[in-house]
Amino acid sequence: MIRSFLPSHSRARFQVPAPLMLLIGMFTLHTGSALAVTAFEHAGPATITWLRLSWAALLLLMLGGRSLWRAVRAATRRELGAVVILGTASAGMMLFYSEATARIDLGTATSIEFLGTLVVAVAAMRRRRELVWIVAAVVGVVCLTRPWAGQLDLVGIGFALAGAVCVVGYIVLTQKVGAGFGAVHGLTLSMVVGALVTAPLGAPGAIADPNPELIGFTLLIALLFPMVPFLLEMVALQRMSRTAYSTFSSLEPAVALVMGMIVIGQAPVTVQLVGMGLVVVAGIGAARGDRGSGPVVPEKKLVRQRHVRTGPGAKDGVPGPHPLEGEGRERVPAPAEVPAPHGVGEWERDRGVAV
């Protein structure tokens, strides 16, 4: 037990703070998004998106190893179904966002897509007065798109709104899949699904006109987005309160605007800066209205026991009291009571304690 505990204790001491992980994920994500815009000159958004998802899926499959296949075999149909839906939502979110950024500014597309996150936050509170934040965000988006200037790209805005719809599913299902499979396994499976879903749209372009330089460039983009930021976000979701997570996520449109300026020179005008400020303030306001103090994904879950133990009090195949009970630990429910995550540490698995 001591040998197993010390590495865990060492990891806890040097654990990267969840807010910092989220911020790093934002900057890498929008750096990758900005670089992807430069690649649209050589291939369509669907082809670039498929290549990115395929690279991410391949790299994560290599990292997953045998433990990934054990997790898949042990998963229930409901858990696998959640992965398929999450992968589809993730693919839609990335594809629609790419199509949007090919037509409108990076900061504007991110702000419109952020409406999905804001709607989820406000809907969870169920208080009418919180609708003011959605109104503020919509006004901010109007300032960003400037319909009065006569340069409104309805197709680009439509793609961004479709991405906002996918964001809703992504937020809800990331929590469930991350809690059930663990961050790496959940992300790996969702990326595989995403690559398969986008293959009919993106693969023909890559196969018809193969470009080794472009394929190598999309590997770099895949590391920046989606691989690193999605992984960091899935881990952060399990360690942050709802309020903290929503507050930090509200900075994402501003980060997108900054990276759009630095990487591809998309300089906003004054009214667009005002609109961006309104979107960020709306996100922070909605986040502060949510007083949830627990993590977005609860960390405490029962480890699924593969072998039924026998002992004093065992009856009809149900394990009896655990030897650690009565020593200041919680009672461990029977396996049927609570679904368990996969990929947990050996120390927790050997003892069947809540983690």
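Because the model is predicted, local features need pLDDT of at least 70 and side-chain atom pairs count only at pLDDT 80 or more, while totals for chains, interfaces and linings use all residues. Residues are numbered from 1 along each chain as its sequence is written, and side-chain values use heavy atoms, with hydrogens and water left out.

**Nonpolar cores**

- The largest nonpolar core holds 56 residues, and Phe181, Met191 and Phe230 have the most contacts inside it. A core here is a set of buried Ala, Val, Leu, Ile, Met, Phe, Trp, Tyr and Cys residues joined through side-chain atoms within 4.5 Å; buried means under 20% relative accessible area, exposed over 50%, and partly exposed in between, using a 1.4 Å probe and protein chains only.
- Helix H7 (residues 154-181) is the top contributor to this core, with nine residues. Helices are DSSP runs (H or I, at least four residues), numbered from the N terminus.
- Skip the neighbours within four places in sequence, and Met191 is in contact (heavy atoms within 4.5 Å) with Leu53, Ala56, Ala57, Leu60, Ser90, Pro226 and Phe230.
- Another core, of 10 residues, lies apart from that one, and its members include Val37, Ala39, Ile48 and Ile221.

**H3 against H9**

- The axes of helix H3 (residues 45-74) and helix H9 (residues 212-237) come within 8 Å and cross at roughly 70 degrees, so H3 is roughly perpendicular to H9. Axes are lines fitted to C-alpha atoms, for helices over the stretch in contact, and angles run from 0 to 180 degrees between N-to-C directions. Angles under 35 degrees count as roughly parallel, over 145 as roughly antiparallel, 65 to 115 as roughly perpendicular and the rest as oblique.
- On the H3 side the contact includes Trp55, Leu59 and Leu63, and on the H9 side it includes Leu219, Phe225 and Met227.
- Sorted by class, the residues in the contact of H3 with H9 are 17 nonpolar, one polar and one charged. Ala, Val, Leu, Ile, Met, Phe, Trp, Tyr, Cys and Pro count as nonpolar, Asp, Glu, Lys and Arg as charged, and the others, Gly among them, as polar.

**H4 against H8**

- H4 and H8 pack at about 55 degrees with their axes 7 Å apart, which makes H4 oblique to H8.
- This crossing of H4 and H8 is right-handed.
- Among the residues making the contact are Val84, Gly87 and Ala91 of H4, and Met191, Gly194 and Thr198 of H8.
- The contact of H4 with H8 has 10 nonpolar, six polar and no charged residues.

- His185 sits in helix H8 (residues 183-208) and is buried, at 9% relative accessible area. Beyond its sequence neighbours within four places, His185 is in contact with Gly64, Ser67, Leu68 and Ala71.
- Thr101 belongs to helix H4 (residues 77-101) and is buried, at 5%. Leaving out neighbours within four places, Thr101 is in contact with Val37, Phe40, Leu106 and Ala109.
- Ser246, in helix H10 (residues 242-249), is 128 residues from Leu118 in sequence but 8.6 Å from Leu118 in space, C-alpha to C-alpha.
- Arg146 lies in the loop between helix H6 (131-145) and H7, and its phi is near 50 degrees, a positive value in a residue other than glycine. Arg146 is partly exposed, at 23% relative accessible area.

Note on methods: Helices (H or I, at least four residues) and strands (E, at least two) are DSSP runs, numbered from the N terminus. A crossing is left-handed if the near helix is turned anticlockwise from the far one by less than a right angle, and right-handed if clockwise.
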